[in-house]
Amino acid sequence: MTLREPTAATAPVGVPVKTGPIAALARGFAGAFQTEGRASRREYWWFVVLTSVVITAVVLVELQLGGAGWVTALVVLVVLAPSISVCVRRLHDAGYSGWWYWIQLLPFVGGFWLFILLIQPSQRLRNRFGAGPEDHKLL
């Protein structure tokens, strides 16, 4: 019996899989309040890129229309919880505690430190936070 590699469509949120941009966005919002498990680098960065593009577009449209910023604030609030959750799951995938998320509050170096943690490669097999992307090859 050969097990297939989990895909974004078959794996639950928290299991790291290779995803495309739309699947990463969907998984990010589906796991908006789920900090258990792991998120692959691809899933995390697609989510960050797409949400950044949406927020930038909303800001530009609102500036052109002379808005007060309420729509931008609403979009940022909608994206806030999923962004924190997918970041914590990404830290888990690299083998770090989700509490490292808060290192970004450290002036001057915190954001850079978090970035370095987020670009680390995935731990290929199961770690203390859940199944790894290559666990299916062991069965």
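**Figure 1. Arginine 90 and aspartate 93 are both buried.** Buried means under 20% relative accessible area with a 1.4 Å probe, protein chains only. The model is predicted: local features need pLDDT of at least 70, side-chain atom pairs count only at pLDDT 80 or more, and totals for chains, interfaces and linings use all residues. Residues are numbered from 1 along each chain as its sequence is written, and side-chain values use heavy atoms, with hydrogens and water left out. Arginine 90 and aspartate 93 form a salt bridge, with the closest N and O atoms 2.9 Å apart. A salt bridge is a side-chain nitrogen of Lys or Arg within 4 Å of a carboxyl oxygen of Asp or Glu. The two residues are 3 apart in helix H3, so about one helical turn separates them. Helices are DSSP runs (H or I, at least four residues), numbered from the N terminus.

**Figure 2. Aspartate 93 also forms a salt bridge with arginine 38.** Their closest N and O atoms are 2.9 Å apart. Arginine 38 sits in the loop between H1 and H2 and aspartate 93 in helix H3, so the pair ties together parts 55 residues apart in sequence. Aspartate 93 has a relative accessible area of 0%. Arginine 38 is likewise buried, at 0% relative accessibility.

**Figure 3. Glutamate 43 meets arginine 27 in a salt bridge.** The N to O distance is 3.4 Å. Glutamate 43 belongs to helix H2 and arginine 27 to helix H1 (residues 21-30), 16 residues apart. Both side chains belong to buried residues. Arg27, Glu43 and Arg89 are linked in a salt-bridge network. The structure holds 4 salt bridges.

**Figure 4. Glutamate 62 is buried without a salt bridge.** This residue lies in helix H2. A polar atom of the glutamate 62 side chain lies 3.2 Å from the backbone nitrogen of tryptophan 70.

**Figure 5. The second largest pocket has a volume of about 220 Å³.** Of its 15 lining residues, Tyr44, Val48, Ser83, Ile84 and Cys87 are the closest to the centre. Helix H2 (41-65) and helix H3 (70-93) each give two or more residues to the lining. The lining divides into 11 nonpolar, 4 polar and no charged residues. Nonpolar covers Ala, Val, Leu, Ile, Met, Phe, Trp, Tyr, Cys and Pro; charged covers Asp, Glu, Lys and Arg; the others, Gly among them, are polar. A pocket is an open set of points on a 1 Å grid over the protein atoms alone, where a 1.4 Å probe fits, with protein on both sides within 12 Å along at least five of seven lines; lining residues have an atom within 4 Å of a point. Volume is the space filled by probe spheres set on the points, which are joined across faces, edges and corners.

Conventions
Buried means under 20% relative accessible area, exposed over 50%, partly exposed in between (1.4 Å probe, protein chains only). Lys and Arg count as positive and Asp and Glu as negative; His and the chain ends are not counted. A polar contact is a pair of N or O atoms within 3.5 Å; within protein, one must be able to donate a hydrogen and the other to accept it, and residues adjacent in sequence count only if both atoms are side-chain atoms.
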